[in-house]
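Welcome! Take a moment to look over the sequence and the 3D picture below, and then we can walk through a few helices and loops together.

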Amino acid sequence: MNKVVSNKYQECYYETTLDNGLKVVIWHKEGYEKSFAIMATPMGAFDVSQIDSKGNEFEYHSGVAHFLEHKMFESRHRDVMEDFSRMGANVNATTTYDMTCYYFQTSHDLKEPLNLLLDFTQSLDINEKSVEKEKGIIIQELNMYQQMSDFRLVRESFAALYHEHPLKNDVGGTIQSVTETTLDELKRCFNNNYHPHSMICVVVTGKDPEEVMKIIEENQSKKKFASINTAKRKYVHEPKEVVKDHVSFEMDINRPKVNLAFKLDGIADPKERCRTEIYLRFYFDAWFSSINDEYQKWLDQKIINDFFGYEFDYGEDYGYCMLYSETDKTEEFKQLVFDQLNRMKNTPLKKEVFDQLKRRYYGENIRELNDFEGIAITYIRNYFNQLSYFEIYDLIENVTLEEVQKVMDKLDLSHFSFIECLPFRG
């Protein structure tokens, strides 16, 4: 194992890659009783089109990664969820656009649940009958989310922005895509994306790292895996223009919810993506949060309320920025956002505001080092994006005002859509 010590942050972790290709990280939190362990694959909702190392292409129905996540817990020989509970471990899983994760947390013995995590994420034990049964469960889940106005607002926003990019689809897919998903498709998806060579195991624990690594090595040494033939996402061409510049729909709500969504270019270099997101956060927090002296006035005028927020995200082939609120003054909100964005692009960031935000972000990252789940998820995201763990910490600590200000020159806000979720008309 390679031992990585950060004297600066007083943290220590061990990492290695096993013979079968599995990346293993043991983050040692000396003095703690609890442990958090996670297995992850970079297969997510984006991966509906893939190409393997031999040039074979694979097409999946949207939502296949989420469907497979559901089926991974199935076994004819044991009840995985019940077994974790018996071991005193809380288990869960999640599928995002760019990865699928399976994880548990426990304050009890680590060996038994860790072995179970490794076992059930490296085998698929499903049949035609169980797949058909799961379709009804997932469709019910999709229908439930469709009744949530916040969820619908985001989904309609992505659908208004993207023509071809998988962001236009929900992580869970559609009723049609779920209905058409097959047993063979799920098996192909598993074989292409759940090989140890594609996955990473991170354990954040107070237990002896050598003992934890021994558990993992013994578990993996007993298994045989097919030859490596992992698949990677196949990228699609996405036009710069949005699908629709205005979308309006009705739901059973009391007050309109609106979202001004901007379609941005992707950023190929992962380090540049990271820097851009951090630098943009300085500007958006400075102009669209309570740091801005005008913020309280917007609240008093009821142009925004506590629901107001903003988010932005970049990938290799996509980017977006959203500003949303709950308000009866939908046009005033739209004008407010455009006015502020124009001022933001043409007004230098104040030094005192920059320093205040820099201290805040740095403090948030330091606090995350007490969050076992936060450590594991951050490590995995950085790993899949080819970044080292403390790279972001050092970036924030060393960033200059001049570097942050340059990001505004590259921000193209010319492609956008305005989405309105309105109360039913009586």
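Is F354 buried or exposed? F354 is buried, because its relative accessible area is 3%, and buried here means under 20% relative accessible area, exposed over 50%, and partly exposed in between, with a 1.4 Å probe and protein chains only. Before we go on, please keep in mind that this is a predicted model, in which local features need pLDDT of at least 70 and side-chain atom pairs count only at pLDDT 80 or more, while totals for chains, interfaces and linings use all residues. Residues are numbered from 1 along each chain as its sequence is written, and side-chain values use heavy atoms, leaving out hydrogens and water.

**Around F354 and its helix**

F354 has its place in helix α12. Helices (H or I, at least four residues) and strands (E, at least two) are DSSP runs, numbered from the N terminus. Leaving out residues up to four places away in sequence, F354 touches F282, L349, V399, T400, L401 and V404; a contact means heavy atoms within 4.5 Å. F282 is 72 residues from F354 in sequence, yet their C-alpha atoms are 6.9 Å apart in space.

Now look at the whole of α12, residues 351–368. Its 18 residues should span 26 Å at 1.5 Å a residue, and its end C-alpha atoms are 26 Å apart, so the two values agree. The expected span is 1.5 Å times one less than the number of residues. Buried residues of α12 are V353, F354, L357, Y361, G363 and N365. An α-helix has 3.6 residues a turn, so residues three or four places apart point the same way. The cover over the buried residues of α12 includes α9 (270–288), α14 (391–398) and α15 (401–406).

**How helices pack**

Axes are lines fitted to C-alpha atoms, for helices over the stretch in contact, and angles run from 0 to 180 degrees between N-to-C directions.

| Helix pair | Angle between axes | Axis separation |
|---|---|---|
| α9 and α11 | about 125 degrees | 11 Å |
| α9 and α14 | roughly 50 degrees | within 11 Å |
| α1 and α4 | roughly 120 degrees | within 11 Å |

With its angle of roughly 120 degrees, α1 is oblique to α4. Angles under 35 degrees count as roughly parallel, over 145 as roughly antiparallel, 65 to 115 as roughly perpendicular, and the rest as oblique. α1 and α4 make a right-handed crossing; a crossing is right-handed if the near helix is turned clockwise from the far one by less than a right angle, and left-handed if anticlockwise. Here H66, F67, H70 and K71 of α1 meet S130, V131, E134, K135, I138 and E141 of α4. This contact is made up of 3 nonpolar, 3 polar and 4 charged residues. Ala, Val, Leu, Ile, Met, Phe, Trp, Tyr, Cys and Pro count as nonpolar, Asp, Glu, Lys and Arg as charged, and the others, Gly among them, as polar.

Within α4 (residues 128–146), the buried residues are S130, V131, E134, K135, I138, I139 and L142. What covers them includes α1 (64–72), α6 (175–180) and α7 (183–193).

Helix α9 takes part in two of the pairs in the table. It passes α11 (residues 330–346) in a right-handed crossing. Y283, F284, W287 and F288 of α9 make the contact with V337, Q340, L341, R343 and M344 of α11. Those residues divide into 7 nonpolar, 1 polar and 1 charged. The crossing of α9 and α14 is right-handed, and there K271, C274, R275, I278 and Y279 of α9 meet E391, I392, L395 and I396 of α14. That contact has 6 nonpolar, no polar and 3 charged residues.

L341 is buried, with a relative accessible area of 4%.

**Two loop residues**

Most residues other than glycine have a negative phi. Q10, although not a glycine, has a positive phi of about 55 degrees. Q10 is found in the loop between β1 (2–6) and β2 (11–17) and is exposed, at 72% relative accessibility. K302 also has a positive phi, near 60 degrees. K302 lies in the loop between α10 (295–300) and β13 (309–314) and is exposed, with a relative accessible area of 62%.
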